[in-house]
Amino acid sequence: MEQVIAKETQTAGPSIGIPRKKKRKLTKDHLLVLAFITPSILFITVFVYGFIGWTGYVSLSNWNSLVPDFSYAGLKNYQFLFNDFRFQADLRNTLIFTVLFIGASIVTGQFLAVLLDQKIKGESLFRNIFFFPMALSFVVTGVVWQWLLNPSTGVNLFMKKIGLDSRWYTDTNILAGFQWGKIEFGIPVAIIAVVIAAVWQMTGFSVAMYLAGLRGIPDEVREAARMDGASEFQIYRKIILPLLRPITVSVVIIMAHISLKIFDLIYAMTGSGANFVTDVPGVYMFETTFRGNYYANGAAIAIIMLISVAIFIVPYLISSRKGES
Amino acid sequence: MKKKIWLTIVLVFALMLSACSSSSSSGDSGDKKDSGKLEIFSWWTGAGEEDGLKALIKLFEEKYPDVPIENAAVAGGAGTNAKAVLASRMQGNDPPATFQVHGGAELNEGWVKAGKMEPIDDLYEKEGLNDKFPKDLIDMVSKDGKIYSVPVNIHRGNVLWYNKKVFEENDLEAPTTFDEFFKVADQLKAKGITPLALGDKEPWTATQVFENVLLGKLGAEEYLKLWNGELAFDDPKVVEAIETFKKMLSYINEDHSSRNWQDASQLVAKGEAAMNMMGDWAKGYFVNDLKLKVNEDFGYVATPETEGQFMVITDTFGLPKGVKKADDVKKFLAVLGSVEGQDAFNPLKGSIPARTDADVSKYDQYGKDTMEDFKAAKLAPSLAHGSAAPEGYVTKVNQAVNIFVTQKDVKGFVESLKAASSELK
């Protein structure tokens with residue numbers, strides 16, 4: 001490692017002196033800034049982008065046993081994954097989970113934020129209550145909701161009394177299912193239990209975002225609308241909520257990258273589930289790499305996850321850069 | 001002024017480099033420490049097993065006070081975490097002095113095949129171990145005629161645990177054949193009792209039931225042929241076993257996928273379910289955690305049609321290549337393989353000794369019975385625990401079983417077993 005860094009410093013050293021734009025003169029401030037940024041840039045280059053590259057390289061190799069084998073395999077590992085029952089199920093689950101999770105977080109987040117915005121008594125108390133689950137780790141949430149939604153304990157004892165027998169995350173049914181590839185595509189009932197737990201944990205975050213957004217809308221806007229005879233409901237529907245659209249974009253981006261990479265919640269709460277109804281790529285990657293020693297397959301899953309997150313993040317980064325300049 | 005700036009830059013780099021070099025130098029001192037201490041790598045961190053390991057280390061320290069030992073156990077994931085740590089250390093040529101590994105494919109097709117182990121035939125010779133373990137067991141830790149590790153303990157995988165009270169109240173006998181099993185199961189089901197408890201949140205438990213059915217239907221000899229490719233997975237006998245497994249699955253608890261094996265054992269303990277197929281670590285759970293009495297609250301028989309056969313799960317320790325102080329490691333392995341060592345470890349861990357000449361009086365009734373069976377029985381390596389086939393294959397079987405438990409598609413299951421068997425060479 002030391003050697004790698006030493007090399008990086010050698011190659012990066014001279015480039016510090018080269019100013020980005022020829023017209024600008026290199027001032028003391030620039031140099032200071034560079035001096036402070038360079039170490040982190042180097043570390044990120046090696047430990048983030050270097051290892052992303054490494055993972056990509058492994059994903060194209062034949063390393064699927066305890067003995068490293070870096071011979072070139074082409075897209076074999078990717079082909080295997082997309083033909084694999086488990087991975088197809090993972091893609092379905094991630095997609096459904098992401099859509100339901102983001103949708104529910106936005107709706108409940110907006111709803112609670114609007115309620116909190118009514119200048120009520122004890123607002124900060126409620127804000128803390130809603131925000132508190134955020135302080136927990138997903139593992140804790142997973143364990144708690146595993147018990148709460150366990151078919152033989154928790155809320156089900158109550159639900160059984162009133163004649164509802166729900167199997168929550170042990171349910172293997174797929175709603176609105178149709179055959180797609182090797183799997184049945186649709187909404188796995190079991191994933192709804194996981195969505196409930198995830199929304200419980202993350203809603204506080206979207207409440208906070210929307211509340212900040214609501215506070216950012218000047219009172220004059222509402223008053224003007226009231227003068228024009230709009231009802232409170234109309235004000236929210238026609239004026240406030242459209243004004244909150246940028247907040248929604250941010251919430252979607254942040255929630256999407258959480259839900260596409262989700263691992264801990266699922267691992268603690270349900271595991272892969274019967275017939276892989278609650279399996280996600282993260283869990284598959286962990287098991288195939290560290291239990292099965294399929295390092296190249298695991299690396300390929302990691303790269304697919306990276307690309308799926310990038311689909312959300314990169315356009316956002318580009319548009320926010322444009323906004324800056 | 002400019003000088004100052006360059007000085008800052010230089011300082012920053014110097015700091016960076018020193019940060020790196022200090023971490024690597026601490027790595028060096030770590031190595032020095034390692035070469036001084038024998039690092040015993042395992043995943044024995046649970047209640048009884050940790051005590052067993054400590055007793056073993058204590059025994060060794062009494063015998064060799066000049067060889068310091070370091071207990072490098074890694075907790076969690078039923079060994080998965082430890083195996084991940086071990087894999088990266090072995091690949092980085094930084095092996096622990098010795099490490100826990102299941103006898104069979106996990107050792108032979110994993111580390112021995114990768115060229116990471118030293119043969120220890122001379123140790124067996126010196127300590128006279130060759131006739132102290134059953135021959136089948138020595139075969140499980142040998143590859144190409146060379147022996148690579150010392151077995152410490154034996155767990156039995158093909159045990160059917162049943163709730164005695166439930167069986168007595170309903171006037172039932174513990175089943176020994178598949179016909180009896182289904183007869184008993186039907187009677188229990190009619191009474192509203194779950195016949196068979198299963199907790200397959202982690203799918204290996206279902207794989208374990210499957211391998212016991214395979215053993216019962218095929219017998220140990222044919223069962224062994226599955227793993228060296230002599231018997232195909234679409235053989236009619238295998239398909240028959242799968243059909244039987246499928247029928248068994250219609251007698252399990254509905255919430256099986258939310259339970260782990262302990263939760264499933266609880267169902268049997270409480271009498272909500274009548275039977276449970278689990279390795280004999282379940283006895284430790286029944287006795288120590290649930291405070292039940294052997295042969296009073298719960299009873300045990302071999303799983304259907306496996307009487308006289310023994311599904312073996314054995315923890316062994318070997319000598320990795322490139323370890324400094326290999327002689328000290330061998331001293332430790334010798335203690336592991338001695339009667340004293342095995343009798344210090346196993347009663348606490350709740351397993352039986354791998355040696356057939358250990359002191360029977362130190363074990364409870366279940367242990368005594370099992371030791372008796374172990375001497376005479378035909379040994380079969382467990383698939384679910386990585387002894388019959390490489391880990392990669394086991395992972396794929398676990399996946400196929402997980403799908404089968406829900407879909408019950410025999411044809412699809414046979415196909416995925418066949419497809420995965422390209423891993424068996």
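Glu254(B) forms a salt bridge with Arg167(A), with 3.7 Å between the closest N and O atoms. A salt bridge here is a side-chain nitrogen of Lys or Arg within 4 Å of a carboxyl oxygen of Asp or Glu. This is a predicted model: local features need pLDDT of at least 70, side-chain atom pairs count only at pLDDT 80 or more, and totals for chains, interfaces and linings use all residues. Residues are numbered from 1 along each chain as its sequence is written, chains are lettered from A in the order in which they are written, and side-chain values use heavy atoms, without hydrogens and water.

How many salt bridges cross the interface of chain B and chain A? The rule finds 1. On the side of chain B that touches chain A, helix 1 (2–36), helix 3 (80–91), helix 4 (105–112) and helix 16 (391–407) each give two or more residues. Helices are DSSP runs (H or I, at least four residues), numbered from the N terminus.

Contact (heavy atoms within 4.5 Å) takes in 38 residues from chain B and 48 residues from chain A.

Now the whole structure. Over all chains, a search finds 32 salt bridges. One joins Arg215(A) and Glu123(A), with the closest N and O atoms 3.3 Å apart. Arg215(A) lies in helix 8 (residues 189–215) and Glu123(A) in helix 5 (residues 123–131), both of chain A, so the pair ties together parts that are 92 residues apart in sequence. Side chains of opposite charge can pair when their charged atoms come close.
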